[in-house]
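Biologist: I am new to this structure and would like to go through it with you term by term. Could you put each value beside its definition as we go?

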Amino acid sequence: MSDREATPLRKLTAEAVGTAMLLIAVVGSGIMGERLAAGNTAVALLANSLATGAALAVLILIFGPVSGAHFNPVVTLSEGFERGRWRHIPTTIAAQIVGALAGVALANLMFDLPPFFASTHVRTGTPLLLGEALATFGLLATIHGCSRFRPNAVFLAVAAYITGAYWFTSSTSFANPAVTLARAATDTFSGIRPIDAPGFIAAQLVGAVLATVLCRWLFSSGESSITTAVPYTFRARITKNHEQ
């Protein structure tokens, strides 16, 4: 292993820190947007979606060369299925969940709120679960497709998709089990009742499985797609530039 190749500990740290920063962006911008919007939910959601998308693009660029910048258990599971590598998946998902919870606590504290307090924001019903399944399906399809055909644009495509999905899905596109669990611990604009979180996570898993299976068939010819937020070709290019 070269001195520039990330060790498992570095990869786990990158996933934890990156996921924490993502949740700081999601929850922090939700709190700030709601406070400044003076009751205008559309303005608050606009602020929340733009800040999340912008932060996500940057975080993928920062941590992608180290861990792939999944920040999302369903992305990690999809890559494990696609590449047949399962060894580090449990620890990676654990790092993402720990990072998500840490990010929520820091965002809450930053706005002078308790680090954890259960959300009372109701998000339940078949329409929202359908929206969540579709949001996750689209996210995984974006990663699979762009990793194959536009590898250098994956970070922009993922950020743009999440920003848009805030608006065109009924659930405002959580699309991430770790994010869902963490957002149950903040009674703010971006929160979700703990009792509603399992349904969202189930819908996310359904959407992820459908996208993974479809994309595996759709892109079955030639080189296999790589389901990471920053593909290995991009990471190899960064490493090569550092070595020059």
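Modeller: Let me begin with Thr136, which, leaving aside its neighbours within four places in sequence, is in contact with Val74, Ala175, Gln204, Gly207 and Ala208, where contact means heavy atoms within 4.5 Å. This is a predicted model, in which local features need pLDDT of at least 70 and side-chain atom pairs count only at pLDDT 80 or more, while totals for chains, interfaces and linings use all residues. Residues are numbered from 1 along each chain as its sequence is written, and side-chain values use heavy atoms, with hydrogens and water left out.

Biologist: Why is Thr136 called buried?

Modeller: Buried means under 20% relative accessible area, exposed over 50% and partly exposed in between, with a 1.4 Å probe and protein chains only. Thr136, which is found in helix H5, has 0% relative accessibility and therefore counts as buried.

Biologist: What makes Gly33 buried, and what does Gly33 touch?

Modeller: The relative accessible area of Gly33 is 8%, so Gly33 is buried by that rule. Gly33 is found in helix H1 and touches Ala44 and Ala47, not counting residues up to four places away in sequence. The C-alpha atoms of Gly33 and Val43 are separated by 7.2 Å, although these residues are 10 residues apart along the chain.

Biologist: How do you know how many helices and strands the chain has?

Modeller: Helices (H or I, at least four residues) and strands (E, at least two) are DSSP runs, numbered from the N terminus. By that definition the chain has nine helices and zero strands, and of its 244 residues 52% count as buried.

Biologist: What makes a set of residues a nonpolar core, and which members of the largest one touch the most others?

Modeller: A nonpolar core is a set of buried Ala, Val, Leu, Ile, Met, Phe, Trp, Tyr and Cys residues joined through side-chain atoms within 4.5 Å. The largest one holds 43 residues, of which Leu22, Leu23, Leu56, Ile60, Phe71, Leu139 and Val158 touch the most other members. Its largest share, eight residues, comes from H6. Leu139 touches Asn72, Val158, Tyr161, Ile162 and Ala175, again without counting residues up to four places away in sequence.

Biologist: Why is the pair of Phe174 and Phe200 called edge-to-face?

Modeller: Rings of Phe, Tyr and Trp (its six-membered ring) pair if their centres lie within 6.5 Å, and planes under 30 degrees apart count as stacked, over 60 as edge-to-face and the rest as tilted. The centres of Phe174 and Phe200 are 5.0 Å apart and their planes stand at 70 degrees, so the pair is edge-to-face. Phe174 lies in the loop between H6 and H7 and Phe200 in helix H8, so the pair ties together parts that are 26 residues apart in sequence. Both Phe174 and Phe200 are buried.

Biologist: What places Arg183 over the face of Phe174?

Modeller: A charge sits over a ring if NZ of Lys or CZ of Arg is within 6 Å of the ring centre and within 35 degrees of the ring normal. Arg183 lies over the face of Phe174 at 3.6 Å from the ring centre.

Biologist: What is the pLDDT over residues 222–244?

Modeller: pLDDT is the predictor's confidence in each residue, from 0 to 100, and it stays under 50 over residues 222–244. Where pLDDT is low, the predicted coordinates should not be read in detail. For the chain, the mean pLDDT is 90, and 88% of its residues reach 70 or more.
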